[in-house]
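Here's a quick briefing to read with the model open beside you. It goes topic by topic, with the cut-offs spelled out as they come up.

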Amino acid sequence: MKRFDTSGAPYLQPEASVSQMMTRLLLSLVPAAAVYTWFFGPGLLLNILVASAVGLMAEALVLNLRKRPLKPYLGDGSVLVTAVLFAWCLPPATPWWITATGMIFAVVFAKHLYGGLGHNPFNPAMAGYVLVLISFPQELTRWLPITALASNGPDALQTLWATFTGELGGGLQWDAVTMATPLDYVKTELARLTTMPEIKSHVMFGDFAGRGVEWVGNFIALGGAWMIYKNVIRWHIPVAVIAGVLIPATLAYMMDPGSNGSPGLHLFSGATLLGAFYIATDPVSAATSPRGRLIFGLGVGVITFVVRKWGGYPDGIAFGVLLMNAAAPLIDHFTRPRVYGNEQ
Amino acid sequence: MIKESPLAKSFHGGLKLNGHKLESTGGTLRSAPVPARLVLPLNQHAGRAAVPLVSAGDRVLGYQEIARPDGEISCALHAPTSATVLGVQRLPMPHPSGLMGDCLVLEPDGKNEFGNFLPAIDPDSLDLPTLLKRVSDAGIAGLGGAAFPTATKLAVAAATTGITLVINGAECEPYITCDDMLMREQSDQILLGAKIILDTLGAQRALVAIERDKLKALESMSAAIERLGDPRFQLEKIFTIYPAGGERQLIQVLSGKEVPAGKLPIDIGYLCQNVATLVAIYRAVKDGQPLVSRITTVTGSGIAEPGNYLAMLGTPLETLAESAGGYTPGATRLIMGGPMMGIALPSDEVPVVKATNCVLVLQEDEVRASGDQMPCIRCGECEQICPAQLQPQELYWHIRGNDLAGADELNLSACIECGCCDFVCPSHIPLSQYYRFAKSQVRLLDARRVQSDIARQRFEDRKERLDAEAARRKERLEEKRKKRASRENTPKAIKGEIDAILARTRGKVADSDEGGETR
Amino acid sequence: MVAVLLLTSLALAFGLALGFAAQRFRIEGDPVVDQVDALLPQTQCGQCSFAGCRPYAEAIVDNRADINQCPPGGEPTIRALADLLSREAKPLNPENGEEKPATVAVIDEDTCIGCTLCIQACPVDAIVGGPKQMHTVIARECTGCDLCLEPCPVDCIDMVVVKTGLAAWSWPKPDTTATNNKSAA
């Protein structure tokens, strides 16, 4: 007679794991990060470094306080994803204390105080970003132009210096080296009643959106497509977010091309693509059913467009995501799937 | 006529799993040796346990009935070979609880003598009542794994006209190949068994459902259909997706129709029968042979020589494993059934029962580590994969929070416990275990509610009775008071009353001397 | 002026409508009490400090009692009541008792003197017998309320836990405390 172990079902090795999903997500962002660095300098990488370090430390501290085991949670990669996405939304060469504030808020308040992984109703990266946006409005507008345009911009060492001290060395002034983002520029110029063709003639613009930004957008979309192929995310939210931005943008553009950004501009500017593939797809805070996800994504896209056109900020992805996060439970309630054998 | 229809209809979700079928389909069907002891649990089917007809010391012949069915949903048991009855003992059952149950233990005497208890019947001249009686007498239960008494199932089906018989040769769960082997080697008997049902139940057609990649089985069955030449039979090649072989999903694949919630497939005119059950029915009719053995796949990396074995019911799994070359080093998990829906057994001393379609032995590195659950990240993969179109995640949250009524309202009963959701969950949550738990709790709570309704009724009846008694008493007192008030107060009237009372009392005393006192 | 007249007439109109509705759609009895009573286990044991399940149901609806006072009902009942009445589901109040496994009363026939006191006490008439006749409990109808224990002058009634065999077995709840809640070891 031989005795056997009877731990319950399931028996087969699972296919997926949380850490595998997170790792794939981070890998898919590597090409886009490389292109970003090529165009805008090492600022992004420094931001990611600071954000990751602070994020990991904050998470370790909170897990300790909550008396949870460190290894599985630090190892699942979720805080690294939050760090990367948060860092991406910040201007390059953001002072480290701003990044740190945002990350601590995201990890401690927006994630662990709600119960940790799987329990946060709001996207932590966006919650951190909005906090920082409102608290440090000036620093958050210090976007650097692409290095090709900035003949006197900070080089790598100066960016490093700026990140750690908040000041540019070498006699540079922030006003002199920063430039508005394409969306920023479009918004302010439209308010001054400049027409779109005139706006688009500015040297910062490429084919349809900001130079450099377009390229990064392409690679983000490629990374996102790879994630869909590998089943890390499903297509519903990205497609819905893009539709939610493009449909109103196209309608507005068709009605008045002079004072509305083209659909291409909307698609490739700001955080549209990053939001569509990486931010809004955070499974914990999004809706869950396929239909629900389509509605969720549409909502994010539409709110983004509304904020860009009529709101006070140049980009609305963060607000779109957070507002739809709040609506997600309601969406889930109304989009339950029809169960086999039932009518509904 | 063979009509092959490539099916476009499918069911929601489902998984393409690594089949692991080739391990056990290499050779031919082998017979397991007769063991030293045959252990036959009295309850190895859905419904009430069978009642023993023999006692310790009796000698029985092979095919002799040793336990009779108890009630409408029950099954008989027969001796697989000539043996001495050792009695009824409480022994470990092949059941997830690991509990013991009553089993009839037989000691084969090595003579292998069989009796002729059920006369052979010509399948062509069979009427419905005779068929039902024969199937019941032969102790046939569904051999696909559910072990529901077939006679009861057929009786319910007989009430519906114009039904479609679905011959379930899908066998979608990985590792299990007993039906595949049966279709390769005994295809004619499967069809003849199906023909019996078609003729007696007046069914219009029979759909033979086989997975596309079971090439040898398809070949064998389609040749058999040609030989039979019965136009009612239709071969359906279905896509190899787990769990296409589940009754409800299979009907959806074959017809596009869904079985309504709370109803049975027969309610929409479909009767599913496993191929092995059909062979058992045919043998019971044609040869008078009761159900005493079944084909079991013995496979997995923990078994030295995987294959399919014809084993007598009651064979200890230990004997079966030995005849399959024994265990390989590192074998840690013994599962009755497949890797998705099977149950882990604590030891191999449990016997083969009617539901044992597969014995799967796995090694440490193939089995997932338990206890590495992460919190649910709401990724929704479980919903995408669920063949019953449920929202497993929501069910999980409700059950975890002890809100079983809420889970029930979300159609928990539609869950077929296929295990697809467990497989895809990145947080490694044992979802189907939650649903099994919740379903059994809901059943318990429903039973409790029925009990409490009865108790309330009894309480109210009692209250009524007591109130009625109190009312009667009050009435009588009222009457007396009225009489007293209206009577004359003369001494003569009073004396008359006293005399009457005395007479009544004397009468009562006389009565009570004869009979008992009543309240 | 117009505003005052408008608002006054609106108020009158609504008042009339409500009064009409109160008469026209009046229902007898309180259906909520029936619904609450349907969720209670009907042991009529009195552990909730009310004289039976119906009085407790009425007290709950009147807000004189909380929903967590029923030990035989236990957590499932508290939860069901919380759902029905949209009140907070609290743990069972320990002052009313604790959740115990299901029991039935068993009379020791050697000791029973046939006094019928337990028969009179049983709220569901689950005890059969007569004066100076042997008493016995109909196990299937016994709700385990314990009310027969006290009246018995010879203390011959025992509460026995209902045996659970294979038929009554149910799957255990999986370990929800997995990695998420395990303390750092």
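In chain C, the C-alpha centres of domain 1 and domain 2 sit 25 Å apart; the bounds of such domains come from an automatic or database domain assignment. Keep in mind that this is a predicted model, where local features need pLDDT of at least 70, side-chain atom pairs count only at pLDDT 80 or more, and totals for chains, interfaces and linings use all residues. Residues are numbered from 1 along each chain as its sequence is written, while chains are lettered from A and ligands numbered from 1 in the order in which they are written.

**Domains of chain C**
- Domain 1 of chain C covers 31-96, and domain 2 of chain C covers 101-165.
- Five residues of domain 1 of chain C touch seven residues of domain 2 of chain C, a contact being two C-beta atoms, placed from the backbone, within 7 Å.
- On the domain 1 side of that contact in chain C there are one nonpolar, four polar and no charged residues. Here Ala, Val, Leu, Ile, Met, Phe, Trp, Tyr, Cys and Pro count as nonpolar, Asp, Glu, Lys and Arg as charged, and the others, Gly among them, as polar.

**Chain-to-chain contacts**
- Chain A puts 36 residues into its contact with chain B, and chain B puts in 49 residues.
- Sorted by class, chain A's side of that contact has 17 nonpolar, 12 polar and seven charged residues.
- Chain B also meets chain C, with 30 residues of chain B in contact with 26 residues of chain C.
- Helix H13 (residues 431-486) of chain B gives the largest share of chain B's side there, 14 residues; helices (H or I, at least four residues) and strands (E, at least two) are DSSP runs, numbered from the N terminus.
- That side of chain B splits into 12 nonpolar, 10 polar and eight charged residues.

**Pro337(A)**
- Pro337(A) comes in the segment after helix H16 (317-334) of chain A.
- Why does Pro337(A) count as buried? Because Pro337(A) has 22 C-beta neighbours inside 10 Å; the label buried takes 20 or more other C-beta atoms within 10 Å of a residue's own, exposed takes 12 or fewer, and partly exposed is in between, with C-beta atoms placed from the backbone.
- Leaving out residues up to four places away in sequence, Pro337(A) touches Ser289(A), plus Glu383(B), Gln389(B) and Gln391(B).
- From Pro337(A) to Ala221(A) is 116 residues in sequence and 29 Å in space, C-alpha to C-alpha.

- Ala221(A) is among the buried residues of H11(A), as are Val213(A), Gly217(A) and Met227(A).
- H11(A) (residues 213-229) has 17 residues and reaches 24 Å from first C-alpha to last, close to the 24 Å expected at 1.5 Å a residue; that expected span is 1.5 Å times one less than the number of residues.
- The cover over the buried residues of H11(A) includes helices H1 (18-40), H12 (236-255) and H14 of chain A.
- After H11(A) comes Asn231(A), with a positive phi near 65°.
- H14(A) (residues 272-279) is mostly covered, with eight of its eight residues buried.

**Strand E14 of chain B**
- E14(B) (residues 307-312) is mostly covered too, with five of its six residues buried.
- E14(B) runs antiparallel to E13(B) (residues 293-299), joined by six bridges, and Val298(B) has Gly307(B) as its bridge partner. Strands pair if DSSP finds at least two bridges between them.
- E14(B) runs parallel to E1(B) (residues 30-31), with two bridges, and Arg30(B) stands opposite Tyr309(B).
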